[in-house]
Amino acid sequence: MNFPKFPDTQNRKGSAEDRGRVVRFPVSPAGPPEKTGWSLRQIGPGIVTGSANLDPSAVVTATIAGAAFAHSLFWVVILIVPFLLAIFSVTSRIGVETSQGLLDLVRENYGRKLAISGAVLTIITNLAVVIADIMAVSDALSILTGLSRMFFIAGTAFFVWYILVFQDYQKITRALVLLSLPLYLYVAAAVLTQPGIHNLLHDIFAPKMQATPEYAENIVALFGSFLTPYIIIWQTSSRSDPEHQHHQADSILSTGVTFVLACSIMLAASAVLHFPNAPDMTTRQAAEALRPAVGDWGPTVFAIGIIGSGMVALPVLVASMCFDLAQAAGWKSGLSEKPWEAKRFYVLISAAVFVAAGANYMRINPVTALYWSMILAGILLIPTLIFILIISNDRRIMKTVNTRWQNFWLGAAAGGAAAASLIYLRYELF
């Protein structure tokens, strides 16, 4: 399986006039990959992208949605499926056709100020998710060892910083992604709960919607967890290598993996967990959703899966938000660059990790932090979708513009996220 390359990891030092721009070289002397067929080499990135989309924040959000509202939010997951298909397909095409990242394109074609504004919103979202994911990983280590999670914050943050600055994070995360495989046991847990198919179908197609702030905030959180801005930008940038051929299977598999895992988590949680205020549950309580599949091993399996998914997502999150600002500002950047050759980029990485680690020493329930980071992601998702819509329809930039249906679903995703956010803010502010 090919793990998707992070933006600019194959850059080499260029001339002075190339400084700050994306310069790419083939990753191997081999010829271009086949354009047809369903080989693992071609569909692998789609599988990994779908798995990476279910980081600790997304896992906990799906758990909370299932525990709080049973099956009455399944319609949101089904509605998001065509959104994901359109977003993954369009962002992949943007990366392949332009060989540039999203905010690089915004800066070069629409102005530096607009690009920096977009980068700031993405950084706010990413930093909140980084803080929450470090909480999740340190809390999972606490479950495994019995020690306070405070003992693991510095080590977790240092490990993320070290592999970004001094190591090849792609090779390390290829191994770490295997640790996230226990999360697939949610599929078994969902099956073993033996949900009544007729009641399930009724709740999906005739859901019991609630006019409450909790119901509205769960919708926003689900939008944020499935359509997380960082995974969208990663999807664009990971396809910007000219060696990568756009393949529809990527989009289908990314969406399929995300959908199956999210539905399984919600289904398992709805059968096992019942909390009047689900965001206040502890990590150990959230792990009980795995009990139908693994019994008393639930917390251990959950902890291993959270460590794996968290340590896969964290380097991408940290480097992504720093790369976003570097793209918007036109700074030299890239994980293949030496720290002294891209000083501002690596200072940003160090500062982001330091701030996230410091915030983790606040006494906050990790589940609550994970959940609220997804609500923030859902609200700040809208500008990213607007950028994608504009760029993917600009014939000055793209060789192939969107189809009518792609524009419809992208517009519906932006409109749905905006509507859910406005309803939630109305409840909160008035």
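**Helix H10 against helix H18**

Mentor: Happy to. Helix H10 (residues 213–226) packs against helix H18 (residues 404–429) at an angle of about 145°, and their axes lie 9 Å apart. The two helices meet in a left-handed crossing. On the H10 side, the contact is made by Pro-213, Ala-216, Glu-217, Ile-219, Val-220 and Phe-223. H18 answers with Ala-413, Gly-416, Ala-417, Ala-420, Ser-421, Ile-423, Tyr-424, Tyr-427 and Glu-428. Sorted by class, that contact holds eleven nonpolar, two polar and two charged residues.

Do keep in mind as you look that this is a predicted model. The average pLDDT for the protein is 78, and 79% of the residues score at least 70. Two stretches call for care. Across residues 1–46 the pLDDT stays under 50, and the model gives this stretch 116 contacts beyond four places in sequence. Residues 239–246 also have pLDDT below 50, with 35 contacts in the model beyond near neighbours in sequence. Where pLDDT is low, the predicted coordinates should not be read in detail.

With that said, let us step back to the whole protein. It has 18 helices and zero strands. Of its 430 residues, 57% are buried. Take the contacts between residues at least 6 apart in sequence: 83% of them join residues at least 24 apart.

H4 passes H17 in a left-handed crossing. Leu-102, Leu-103, Leu-105, Val-106 and Tyr-110 of H4 make the contact with Thr-384, Phe-387, Ile-388, Ile-390 and Ile-391 of H17. By class, this contact has nine nonpolar residues, one polar residue and no charged residues.

Ile-349 sits in helix H16 (residues 343–359). Ile-349 counts as buried because its relative accessibility is 0%, under the 20% cut-off. Leaving aside neighbours within four places in sequence, Ile-349 is in contact with Trp-161, Leu-164, Val-165, Val-318, Cys-322 and Leu-335.

Cys-322, another partner of Ile-349, is itself buried, with a relative accessible area of 4%. Cys-263 is buried too, at 11%. As for disulfides, the count for the model comes to zero.

Now follow the chain into the loop between H16 and H17, where you will find Met-362. With a relative accessible area of 45%, Met-362 is partly exposed, whereas Ile-349 is buried. Not counting residues up to four places away in sequence, Met-362 touches Arg-149 and Met-150. Met-362 and Met-150 are 212 residues apart along the chain, and their C-alpha atoms are separated by 9.6 Å.

So much for the tour; when you return to your helix pair, begin with the angle of about 145° between H10 and H18, and then go through the contact residues on each side, from Pro-213 of H10 to Glu-428 of H18.

Key:
Residues numbered from 1 in each chain as written. Predicted model: local features only at pLDDT ≥ 70, side-chain atom pairs only at ≥ 80, totals over all residues. Heavy atoms only, no water. Left-handed = near helix turned anticlockwise from the far one by under 90°. Helix = DSSP H or I, 4+ residues; strand = E, 2+ residues; numbered from the N terminus. Contact = heavy atoms within 4.5 Å. Nonpolar A, V, L, I, M, F, W, Y, C, P; charged D, E, K, R; others polar. pLDDT = per-residue confidence, 0-100. Disulfide = S-S within 2.5 Å. Buried < 20%, exposed > 50% of the residue type's maximum accessible area, 1.4 Å probe, protein only. Axes fitted to C-alpha atoms, helices over the stretch in contact; angles between N-to-C directions.
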